[in-house]
Amino acid sequence: MNMSSEAGDHRTPSNLVELLDLRIPGDAEAISRVTDRVSATLSELEIPEEKRLDIALAVQEALANAVVHGCKNDSSKQVRCRLQRDPRGRVLIIITDPGPGFSLEHRSDPKSPANMYADHGRGVYLICQLMDEVHFEKGGREIRMWKF
Amino acid sequence: MLSLRPGGTRRGEEGLDINVRKRSEVQVIQLRGALRLGSAVDELRQVVEEAVGNGDTRIVVNLAEVPMIDSSGIGLLVRFLASTKQRGGSIKLVQPSKFTVQTLRLVGVLNLFEIFDDDDQAVSSFA
């Protein structure tokens, strides 16, 4: 898995097809609607279940971060989620929030003994395990996640 | 209001059903739906907090009909695993899906839990 912060997503081709472009309020209750919509769209495209589940969970985690940290659970703020696909069938998810931005330097290791029983701190780690490439752009306010 | 009364079922706003039964002094919590951030995790937290508060620290969570657990749901399970163990109990899992097992493994908590094929085995393991 490749991941970077502010390194630029050099794999982004110009001929991506936009499948979804959704905006939700910064409210945790709104997240599942997007996750389920992404999953349904991938299902319609006959993306294999294993790949679809990985993407859906990564979207769930990225939206949770955007709502909780980016919007501070403020429903007057908005999170944008885009689902795109390139001609080779690779899937790109772009999630943008209005917050201060996430830095990979602040990522914790959930597998360390000190964090094993923690009730938080696994989201970004999980995204990086589920997806093939993860990039943070716009000062960490945007996450771009590829599944090949 | 959630209830721990035997047989009580709660349909959460995000589509998580929570059914709680008591068998041989073990709380058996059957879930149906995704366990993820929002009301699903909040409602399960309330149920388990109420059980632990009542001294019921031997808990079985049946995940057979849970297609997805996110990091918020995982955090809830490991937090209550720790608190029940501190009180001499535990949380044991029944029939997690292949994807749930993979998710728990990815974040390094799979081995913290005892996992069983059915409720009977999980309940008996507390004897």
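1. pLDDT is the predictor's confidence in each residue, from 0 to 100. Over residues 1-5 of chain B, pLDDT stays under 50. Two residues are in contact if their C-beta atoms, placed from the backbone, lie within 7 Å. For residues 1-5 of chain B, the model has ten contacts beyond four places in sequence. Where pLDDT is low, the predicted coordinates should not be read in detail.

2. Basis and numbering. This is a predicted model: local features need pLDDT of at least 70, side-chain atom pairs count only at pLDDT 80 or more, and totals for chains, interfaces and linings use all residues. Residues are numbered from 1 along each chain as its sequence is written, while chains are lettered from A and ligands numbered from 1 in the order in which they are written.

3. Overall scores. The predictor gives the complex an ipTM of 0.88 and a pTM of 0.90. Chain A averages a pLDDT of 91, with 91% of the residues scoring at least 70. Chain B has a mean pLDDT of 91, and 89% of its residues reach 70 or more. Helices (H or I, at least four residues) and strands (E, at least two) are DSSP runs, numbered from the N terminus. Among the elements of chain A, strand S1 (residues 2-5) has the lowest mean pLDDT, 66. Strand S3 (residues 78-85) of chain A has the highest, 98.

4. The interface. Chain A puts 22 residues into the contact and chain B puts in 23 residues. On the side of chain A that touches chain B, helix H1 (31-44), helix H2 (49-70) and helix H3 (123-130) of chain A each supply at least two residues. H2(A) gives the most, with six residues. By type, this side of chain A divides into twelve nonpolar, five polar and five charged residues. Here Ala, Val, Leu, Ile, Met, Phe, Trp, Tyr, Cys and Pro count as nonpolar, Asp, Glu, Lys and Arg as charged, and the others, Gly among them, as polar.

5. Helix H2 of chain A. H2(A) has 22 residues. From its first C-alpha to its last, H2(A) reaches 30 Å, close to the 32 Å expected at 1.5 Å a residue. That expected span is 1.5 Å times one less than the number of residues. A residue is buried if 20 or more other C-beta atoms, placed from the backbone, lie within 10 Å of its own, exposed if 12 or fewer, and partly exposed in between. H2(A) is mostly covered, with 17 of its 22 residues buried. Just after H2(A), Lys72(A) takes a positive phi of about 55°.

6. Helix H3 of chain A. How many residues of H3(A) are buried? Seven of the eight are, so H3(A) is largely enclosed by the rest of the structure. The buried residues are Gly123(A), Val124(A), Tyr125(A), Leu126(A), Ile127(A), Cys128(A) and Leu130(A).

7. Leu22 of chain A. Leu22(A) sits in strand S2 (residues 17-25) of chain A. It counts as partly exposed, because it has 16 C-beta neighbours inside 10 Å. Leaving aside neighbours within four places in sequence, Leu22(A) is in contact with Val34(A), Arg37(A) and Cys81(A). Leu22(A) and Val79(A) are 57 residues apart in sequence, yet 8.3 Å apart in space, C-alpha to C-alpha.

8. Layout of chain B. Chain B has four helices and six strands. From the N terminus on, its elements run β-β-β-α-β-α-β-α-β-α. Buried residues make up 46% of the 127 residues in chain B. Among contacts in chain B between residues at least 6 apart in sequence, 69% join residues at least 24 apart.

9. Helix packing in chain B. Helix H1 (residues 39-53) and helix H2 (residues 71-86) of chain B pack at an angle of about 5°, their axes 10 Å apart. Axes are lines fitted to C-alpha atoms, for helices over the stretch in contact, and angles run from 0 to 180 degrees between N-to-C directions. That makes H1(B) roughly parallel to H2(B); the label covers angles under 35 degrees, with over 145 roughly antiparallel, 65 to 115 roughly perpendicular and the rest oblique. Contact residues of H1(B) include Val41(B), Leu44(B) and Val48(B). Those of H2(B) include Leu76(B) and Phe80(B). The residues of this contact divide into six nonpolar, four polar and one charged.

10. Most residues other than glycine have a negative phi. Glu25(B) has a positive phi of about 65° although it is not a glycine. Glu25(B) is in the loop between strand S2 (17-23) and strand S3 (26-32) of chain B, and is exposed, with 11 other C-beta atoms within 10 Å. Gln95(B), also not a glycine, has a positive phi of about 50°. Gln95(B) lies in the loop between strand S5 (90-94) and helix H3 (98-106) of chain B. With 18 other C-beta atoms within 10 Å, Gln95(B) is partly exposed.
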